[in-house]
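Reader: I have not seen this structure before. Could you take me through it step by step?
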Amino acid sequence: AVVAAIPSPDASHQEVERFLRGEYLGYAAYVGSFVLVGYVWLQHHRIFGLLRRVDGWTVIANFGLLFCVVLLPFIGRLSGDFRALSAPHVLLGLDVALVGCLLGFMLRRSRSHGAFDPVVPPGAITILLWRCAVLTSSFLVAGVLSMLQPGLMGLGWPLLLLGSLGRC
């Protein structure tokens, strides 16, 4: 991919438009990754809002989760900039899948160790586990399919939406 130079402040309207037309998919991928960060943050916020305590393994998993989340916008932008290559799409799929797995690990560990507040209904934890599974599988499938055809990474979004509607 050829990266165009940012137009100078005195560039013409046409030069700026031409630059933005060439960059819009990269920015769209970055925005999509940011939306994923928001989705993960909501799940994280819900999980930790229900906990009354955490153990060392949960803290370690949380650090791993935060590391993977920080990578999302950068890998997302790479997948937008290098649409014809499989590697950035596969990396994005793996990163999102790892995020879902880490969220699920924290949920399962907290449930098995009685770390949730006693007033939390078991159904709430089941719904959160379902969302983690959907997040993991949606983007893992899209990432694997991207090895065959790089443009298929976009399937992660409708799969996430459909899976999320399946068990609200």
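Reader: Let us begin with Val35. Is Val35 buried, exposed or partly exposed?
Author: Val35 counts as partly exposed, because its relative accessible area is 44%. Please keep in mind that this is a predicted model.

Reader: Where is the place of Val35 in the secondary structure?
Author: Val35 belongs to helix H1.

Reader: Which residues form a nonpolar patch on the surface?
Author: That patch consists of Tyr30, Val31, Val35 and Trp157, and together they have about 360 Å² of accessible area. H1 is the element that gives the most to the patch, with three residues.

Reader: Let me step back. How many helices and strands does the protein have?
Author: The protein has five helices and zero strands. Read from the N terminus, the order is α-α-α-α-α.

Reader: And what are its overall dimensions and its exposed area?
Author: Along the principal axes, the C-alpha atoms fill a box of roughly 65 × 35 × 25 Å. The protein exposes about 9,700 Å², and carbon and sulfur atoms supply 72% of that area.

Reader: How many residues of the protein count as buried, as a percentage?
Author: Of the 168 residues, 40% count as buried.

Reader: What does the largest nonpolar core look like?
Author: The largest nonpolar core has 32 residues, and those with the most contacts inside it are Leu65, Val99, Leu103, Leu107 and Leu135. Two or more residues come from each of H1, helix H2 (56-81), helix H3 (87-112) and helix H4 (122-148). H4 gives the largest share of this core, eight residues.

Reader: What does Leu65 touch, then?
Author: Not counting residues up to four places away in sequence, Leu65 touches Val40, His44, Val99, Leu102, Leu103 and Met106.

Reader: His44 is on that list. Is His44 buried or exposed?
Author: His44 counts as buried, because its relative accessibility is 19% and the limit for buried is under 20%. His44 is found in helix H1, which covers residues 13-50.

Reader: With which side chain does His44 make a polar contact?
Author: The partner is the side chain of Asn62, at 2.6 Å. Leaving aside neighbours within four places in sequence, His44 is in contact with Asn62, Leu65 and Leu103.

Reader: What about Gln43, is it buried or exposed?
Author: Gln43 is buried, as its relative accessible area is 2%. Gln43 has its place in helix H1. Beyond its neighbours within four places in sequence, Gln43 is in contact with Leu103, Leu128 and Arg131.

Reader: How far apart are Gln43 and Gly100?
Author: In sequence, Gln43 and Gly100 are 57 residues apart; in space, their C-alpha atoms are 9.7 Å apart.

Reader: Among contacts between residues at least 6 apart in sequence, what percentage join residues at least 24 apart?
Author: The figure for the protein is 71%.

Reader: Changing topic: how many salt bridges are there?
Author: The count comes to three salt bridges. One of them joins the side chains of Asp55 and Arg109, at 2.8 Å from N to O. This pair links distant parts of the chain, since Asp55 lies in the loop between H1 and H2 and Arg109 in helix H3, 54 residues apart. Asp55 is partly exposed, with a relative accessible area of 22%.

Reader: How exposed is Asp81?
Author: Asp81 counts as partly exposed, because its relative accessibility is 25%. Asp81 is 72 residues from Met153 in sequence, and their C-alpha atoms are 13 Å apart in space.

Notes. Residues are numbered from 1 along each chain as its sequence is written. This is a predicted model: local features need pLDDT of at least 70, side-chain atom pairs count only at pLDDT 80 or more; totals for chains, interfaces and linings use all residues. Side-chain values use heavy atoms; hydrogens and water are left out. Helices (H or I, at least four residues) and strands (E, at least two) are DSSP runs, numbered from the N terminus. Buried means under 20% relative accessible area, exposed over 50%, partly exposed in between (1.4 Å probe, protein chains only). A polar contact is a pair of N or O atoms within 3.5 Å; within protein, one must be able to donate a hydrogen and the other to accept it, and residues adjacent in sequence count only if both atoms are side-chain atoms. Contact means heavy atoms within 4.5 Å. Patches are made of residues with over 30% relative accessible area and no salt bridge: like charges are joined within 9 Å, nonpolar side chains (Val, Leu, Ile, Met, Phe, Trp, Tyr) within 5 Å. Accessible areas come from the Shrake-Rupley method with a 1.4 Å probe; for residues, only the protein chains shown count as cover. A salt bridge is a side-chain nitrogen of Lys or Arg within 4 Å of a carboxyl oxygen of Asp or Glu. A nonpolar core is a set of buried Ala, Val, Leu, Ile, Met, Phe, Trp, Tyr and Cys residues joined through side-chain atoms within 4.5 Å.
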